[in-house]
There are 2 protein chains.
Amino acid sequence: MFKIIRVNMSDLSIKTEDIPEAYQGLGGRGLTSAVVANEVDPTCSPIGPNNKLVFAPGLLGGTNCANSGRISVGAKSPLTGGIKESNSGGQAGGYLSRLGIAAIIIEGMAEEGKLYKLYVGKDKQELSAADDLKGLGNYATVDKLKRAFGDKAGFVSIGQAGEMKLPAASVAFTDREVRPTRHAGRGGLGAVMGSKGLKAIVIDPAEGELAPLVDKEAFKAAAKRFAKALQDHPVTSQGLTNYGTDILINIINEAGALPTRNFSSGRFETADKVGGESLNKITVERKGNPTRGCMSGCIIRCSGDYLDKNGDFLSKWPEYETVWAWGPNCEIDDLDAIARMDRACDDFGLDTIETGNAIAVAMEGGVKPFGDVAGAEELLAEIGKGSPLGRLLGSGAGAVGKAFGVRRVPVVKNQALPAYDPRAVKGVGVTYATSTMGADHTAGYAVATNIMNVGGSLDPLKPEGQVELSKGLQVATAAIDTAGLCLFVAFPVMDMPDALIAIVDMLNAKYGLSMTADDVTALGQKVLQIERDFNARAGFTAADDRLPEFFCQEKLPPHDVVFDVPDEELDTVFKF
Amino acid sequence: MFKIIRVNMSDLSIKTEDIPEAYQGLGGRGLTSAVVANEVDPTCSPIGPNNKLVFAPGLLGGTNCANSGRISVGAKSPLTGGIKESNSGGQAGGYLSRLGIAAIIIEGMAEEGKLYKLYVGKDKQELSAADDLKGLGNYATVDKLKRAFGDKAGFVSIGQAGEMKLPAASVAFTDREVRPTRHAGRGGLGAVMGSKGLKAIVIDPAEGELAPLVDKEAFKAAAKRFAKALQDHPVTSQGLTNYGTDILINIINEAGALPTRNFSSGRFETADKVGGESLNKITVERKGNPTRGCMSGCIIRCSGDYLDKNGDFLSKWPEYETVWAWGPNCEIDDLDAIARMDRACDDFGLDTIETGNAIAVAMEGGVKPFGDVAGAEELLAEIGKGSPLGRLLGSGAGAVGKAFGVRRVPVVKNQALPAYDPRAVKGVGVTYATSTMGADHTAGYAVATNIMNVGGSLDPLKPEGQVELSKGLQVATAAIDTAGLCLFVAFPVMDMPDALIAIVDMLNAKYGLSMTADDVTALGQKVLQIERDFNARAGFTAADDRLPEFFCQEKLPPHDVVFDVPDEELDTVFKF
């Protein structure tokens with residue numbers, strides 16, 4: 001009863017089809033990765049007509065399960081050249097599920113210079129010209145779309161970066177306040193959308209309904225247990241809720257793992273000024289809302305409204321990784337400036353991690369000094385303008401490193417590293433090195449166990465045990481991303497055995513299955529194998545499952561450690 | 001008796017050593033590739049301390065054999081990430097051989113910001129500060145070095161591009177007129193030299209002597225037969241001699257294989273204006289020398305002096321690939337402008353093929369219109385200045401394509417294609433796809449048989465037989481590059497059986513061996529295997545042995561052909 005919508009941008013046709021056998025039982029990341037692996041030539045141009053852009057809500061989407069509304073976006077990545085799935089909060093995932101749509105697959109490529117928008121409603125899908133949106137940022141795009149389609153719809157869009165097909169371009173999703181603040185940020189998926197000539201998707205949930213459940217009572221009971229687990233765990237009920245993800249600044253800094261000045265130190269002198277406690281304080285002082293969910297059904301509510309000095313909305317609360325990328329990594333400790341840059345990235349449609357890294361590498365290359373707030377904002381503005389320097393920066397940290405002859409370039413598979421130095425959090429270092437996605441903390445968040453003692457504890461500075469830790473988390477994450485759950489559910493799942501069982505129970509009750517926890521593990525493994533297979537065909541080898549040389553040779557202060565998990569161990573991650 | 005000089009830029013030490021067993025019997029490309037494969041970690045940063053830069057004259061260097069003075073330069077490439085050998089004419093190869101030096105290996109990395117020059121004389125090698133050369137182009141660098149060391153020395157240097165560590169940076173070698181006109185152009189070897197803090201090498205041949213010969217008489221006789229073959233073959237005695245390599249413009253245009261406007265057509269409307277016949281005519285009119293060898297012992301003499309309208313020296317005759325890169329590929333038909341850009345590339349130290357392609361891709365991306373002569377010169381000047389746009393262009397065609405969202409990006413292993421469209425000269429297409437070097441016509445010059453009927457003939461438009469053709473040529477070329485012979489000796493070798501036997505006879509007479517032609521083939525295969533093995537360890541797979549998708553899908557006018565050699569056949573090239 002769920003359908004797949006295929007949109008061909010070459011001939012502007014739209015087809016609705018039943019879910020093919022090969023894709024049944026998959027959702028979210030599992031579905032986007034299966035479509036990309038099955039239907040996209042791994043050696044094609046990522047910005048050509050043979051790539052496909054896939055949107056898919058997860059298996060638990062459209063239900064009353066807490067935090068189940070994530071949406072996965074998949075394609076061959078213009079940044080890494082491998083498979084890519086990047087998922088986002090916002091309203092689109094839940095709305096698609098309520099419309100009975102398992103996936104939207106964008107194929108082909110519009111005629112050069114043409115730009116379209118796609119309307120997706122109950123039993124109606126339509127492409128129309130979007131020339132009036134050309135060159136607009138996501139905020140202005142959404143404003144125009146709201147005027148045309150009302151504020152009950154969910155909007156998916158690209159900004160200038162996506163139209164320019166920059167490898168750092170994101171896909172934006174509107175949140176509950178209908179602002180384009182949630183992003184499938186990583187790997188240049190916005191460039192794929194831009195290459196297809198698709199500026200925006202309007203998802204109109206009118207007449208949509210909750211997803212059907214085979215066993216309503218059983219689902220309801222399991223959903224309640226799951227919600228309780230989220231409400232009982234301190235991370236998902238207090239830490240994230242009160243201080244946002246930015247609570248991590250002081251924790252990671254204390255651990256000596258906060259990459260500072262382009263990964264040259266693990267401690268930032270004035271980290272506290274940009275930490276979650278400061279974020280909360282500023283927000284409360286300015287009478288902003290310090291706790292908001294990014295999508296309906298969220299009970300963690302790790303976001304908030306960042307107001308400027310006049311009390312006007314500036315941006316959603318910048319995530320920890322964003323605060324880090326523009327903050328410590330560029331030697332900047334000004335939250336107002338960081339929020340402005342967060343807003344600019346949301347507007348241009350840029351991955352904050354890739355872009356912040358690109359600018360830190362440019363700073364190391366001498367383009368601007370570290371700590372130059374105005375300089376960083378100026379560089380970011382160049383990207384929006386599409387000047388040559390802007391286009392270079394928007395090509396990502398790897399490209400900037402090559403152009404400026406910088407040797408300390410923190411990328412794996414050409415994707416820039418997030419906000420945890422792999423020398424001082426070795427479990428996440430294993431994830432960065434081996435993930436099918438390029439450097440990605442969300443692919444296997446070993447920080448939880450290495451630093452936060454969630455799911456046990458493991459010394460972050462020692463190489464022993466990190467591969468097992470990362471491996472287990474990568475498998476679990478692939479399953480969570482397939483279910484469409486917010487990754488933060490992993491905190492209770494790792495500490496409370498019933499939380500995982502509740503997820504399995506919900507899947508069984510919704511689909512009339514009798515899966516066990518082992519089946520969920522097998523599902524995660526299957527998704528990873530699909531992705532590994534695509535990457536192998538795209539030309540990836542063990543040599544791509546490595547951190548850049550400098551992490552293994554330059555000691556990171558204050559612990560003076562290098563990354564020393566042996567290569568042979570890294571090569572066992574995907575041996576299930 | 002031949003020695004290896006190891007120069008460690010980290011501690012500024014210089015050591016002389018006997019040729020280790022593993023490297024014996026190798027010279028030129030065979031030696032540089034063996035050193036790189038044995039001593040360089042394939043996953044290291046190409047611009048870090050763990051890469052090595054190797055200079056090696058060939059096995060026949062330092063003798064009276066005609067055209068035997070090539071010098072190979074090897075390292076891990078900053079452009080491709082794989083192994084790289086690029087060889088050059090000029091005086092350095094012959095001089096090193098006469099000094100009894102089989103190779104110079106540059107290791108480590110100088111302290112940040114320091115710049116050195118290396119003096120290499122008979123029994124004396126010395127590093128000294130080169131701060132006075134900082135930021136100078138190759139012409140000014142050589143002028144200063146000439147004043148210090150006289151004009152009897154050979155000079156090796158990098159321009160601004162190498163100092164900036166740009167992936168398109170070349171290493172320059174002085175010719176017989178002591179001008180920096182000969183380049184190891186491809187793959188960014190100048191960036192490796194720059195990263196090590198080495199601005200120049202002075203090779204002082206004083207007290208050097210001809211290489212010793214085990215059997216002088218036999219050598220002399222074989223050298224005579226070899227010289228006669230060069231003098232008898234029409235390509236090496238007439239075509240190249242009178243019109244330079246640029247003679248190919250009209251031939252390749254006629255064949256419909258002259259890439260025009262960034263590989264969008266195989267015919268350029270006004271090709272004749274930039275062909276070898278025009279080059280010769282302009283040169284004679286301006287009273288320039290229309291035939292010069294680039295190194296002592298050259299009897300082909302394919303170069304000449306390009307004079308400006310006032311009769312002053314502007315550049316050496318631009319090679320065919322240079323004329324093409326700045327000419328038809330950018331829709332430019334002005335030889336004076338092309339010669340100015342050739343001069344600028346020689347001066348900045350840039351690979352003309354990579355840079356011309358980068359600018360053509362930028363033109364397709366809308367930076368300047370095709371055909372804009374002043375625009376092209378302006379873009380090239382940006383590279384010399386090191387502006388952000390210049391650094392992006394100097395990062396090569398692949399980087400420019402990503403930044404400007406261009407889909408038609410003619411690169412293999414991220415190295416830009418030379419001047420023969422692989423759709424219309426399919427043999428060289430096989431070479432581009434599969435060469436260990438990235439797209440490189442010199443690695444297996446199937447144009448000879450496909451277009452010039454040298455070594456037989458094979459329809460360039462049909463896929464059949466191209467793999468066999470390319471394979472044989474890649475093996476033979478690896479051997480020729482190991483001998484240190486100019487690649488143009490391949491023309492007589494392919495047509496006259498005795499030319500190859502003469503080469504074998506010279507090797508045997510020089511070293512007291514009893515090799516056969518089969519042994520030379522085995523040597524070529526061994527060199528290719530060494531290179532393939534390095535690349536495999538660096539992460540290259542069959543997916544890297546492919547042309548970009550568009551060559552297989554977009555038809556090239558006027559023959560309306562695509563590249564259709566099957567992948568499975570490409571994968572047999574290195575099965576010996």
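In chain A, helix H1 (residues 28–39) and helix H18 (residues 466–483) bring their axes within 4 Å, crossing at roughly 95°. H1(A) and H18(A) are therefore roughly perpendicular, a label for angles of 65 to 115 degrees. This is a predicted model, where local features need pLDDT of at least 70, side-chain atom pairs count only at pLDDT 80 or more, and totals for chains, interfaces and linings use all residues. Residues are numbered from 1 along each chain as its sequence is written, with chains lettered from A in the order in which they are written.

**Helix H1 against H18, chain A**
- Gly28(A), Arg29(A) and Gly30(A) of H1(A) meet Ala478(A), Asp481(A), Thr482(A) and Ala483(A) of H18(A) (contact: C-beta atoms, placed from the backbone, within 7 Å).
- That contact of H1(A) with H18(A) has two nonpolar, three polar and two charged residues, with Gly counted as polar.

**Helix H12 against H13, chain B**
- Here the axes of H12 (residues 352–364) and H13 (residues 373–385) of chain B come within 11 Å and cross at roughly 120°.
- Helices are DSSP runs (H or I, at least four residues), numbered from the N terminus.
- On the H12(B) side Thr355(B), Ile359(B) and Ala362(B) meet Ala376(B), Leu379(B), Leu380(B) and Ile383(B) in H13(B).
- The residues of this H12(B)–H13(B) contact split into six nonpolar, one polar and no charged.

**The two copies**
- Chain A superposes on chain B through a 180° rotation with 0.0 Å of shift along its axis (RMSD 0.0 Å), fitted by least squares on C-alpha atoms of residues with pLDDT of at least 70 in both.
- The two copies are thus related as by a two-fold rotation axis.
- Since 100% of the interface residues of chain A are also interface residues in chain B, the copies meet through the same surface.

How values were computed
Two residues are in contact if their C-beta atoms, placed from the backbone, lie within 7 Å. Axes are lines fitted to C-alpha atoms, for helices over the stretch in contact, and angles run from 0 to 180 degrees between N-to-C directions. Helices (H or I, at least four residues) and strands (E, at least two) are DSSP runs, numbered from the N terminus. Angles under 35 degrees count as roughly parallel, over 145 as roughly antiparallel, 65 to 115 as roughly perpendicular and the rest as oblique.
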